[in-house]
Amino acid sequence: MSAKVICVTNQKGGVGKTTTAINLSYYLAKDKKRVLLIDFDPQGNATSGLGFDDNDKASLGITITEVLMDNADMEDSIRHTKYKNYDLSPATPELANAEVEIANMNKKFVRLRDAINRVRDQYDFILVDLPPSLSLLTVNGMIAADYLLLPVQTEFYALQGVAQLLETMKMLKSRANPHLKLLGVVATMYDKRTSLSTQVFKEIQKYFKELTFKTTIPRNVRVAEAPSHGVPVGDYDRFSKGAKAYKELAKEVEKRIK
């Protein structure tokens, strides 16, 4: 069976995009799904958030950068995490340089898709953590993806930039990837005690209707602390509200894709 490719994306930074990619992958793997998380953001936060040193190129070895540049195969970049069924293709800040270089190379928009296709039959899900921008890396991700998952924080300006992202998706769907779908929108950093959070969540539901996930990700100290320990929140504190929320989100994702 061929993996479903989900890109986690939002051109706005600080919305819980990487946190969602790490923890959703963790709970899909806990449900006995074979999962590969590709860190496709030069900040390398998914890499460090899983306990790998994104600044120590020597210990990381081959990363997604070498794969993009045709200097290595996708399989060579894959690292097993400490969790069963959960693999990572890491990134370092060098990925930003690669983006500049591939802009002048052949097949610049489909490099990630071609790389993923070489390992697609080894996984059930491949998640890609995209950078917070509408860049060449983001376009590569969208062309490689079956689905986009959009985390939106329940704060002021939450929907700012989302319309532009959806326009890009629509354009790529018509020209390069007719199979691309919006899997859904997940509200992050949700605090039901504040009227602002509740109001913004209603706006998200109004805008995206049934594409809004029922599960919301709460503003939670444990979720914020886990990356500094290099582990998903489900490993750091599985009884926390944040861990329970990501577990529920994984169930919803699986239901939508069946």
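Modeller: Lys17, Asp41 and Asp129 are linked in a network of salt bridges, where a salt bridge means a side-chain nitrogen of Lys or Arg within 4 Å of a carboxyl oxygen of Asp or Glu. This is a predicted model, in which local features need pLDDT of at least 70 and side-chain atom pairs count only at pLDDT 80 or more, while totals for chains, interfaces and linings use all residues. Residues are numbered from 1 along each chain as its sequence is written, and side-chain values use heavy atoms, with hydrogens and water left out.

Across the whole structure, the search finds 15 salt bridges. One of them joins aspartate 70 to arginine 111, with the closest N and O atoms 3.0 Å apart. This pair links distant parts of the chain, 41 residues apart, since aspartate 70 sits in the loop between helix H4 (64–68) and helix H5 (74–77) and arginine 111 belongs to helix H7 (residues 111–117); helices here are DSSP runs (H or I, at least four residues), numbered from the N terminus. Aspartate 70 counts as exposed because its relative accessibility is 54%, whereas arginine 111, at 11%, counts as buried (buried means under 20% relative accessible area, exposed over 50%, and partly exposed in between, with a 1.4 Å probe and protein chains only).

Glutamate 225 and arginine 222 also meet in a salt bridge, at 2.8 Å from N to O, and both lie in helix H11 (residues 221–225), three residues apart, which is about one turn of the helix. Glutamate 225 is partly exposed at 26% relative accessibility, and arginine 222 is likewise partly exposed, with a relative accessible area of 33%.

Key. Helices (H or I, at least four residues) and strands (E, at least two) are DSSP runs, numbered from the N terminus.
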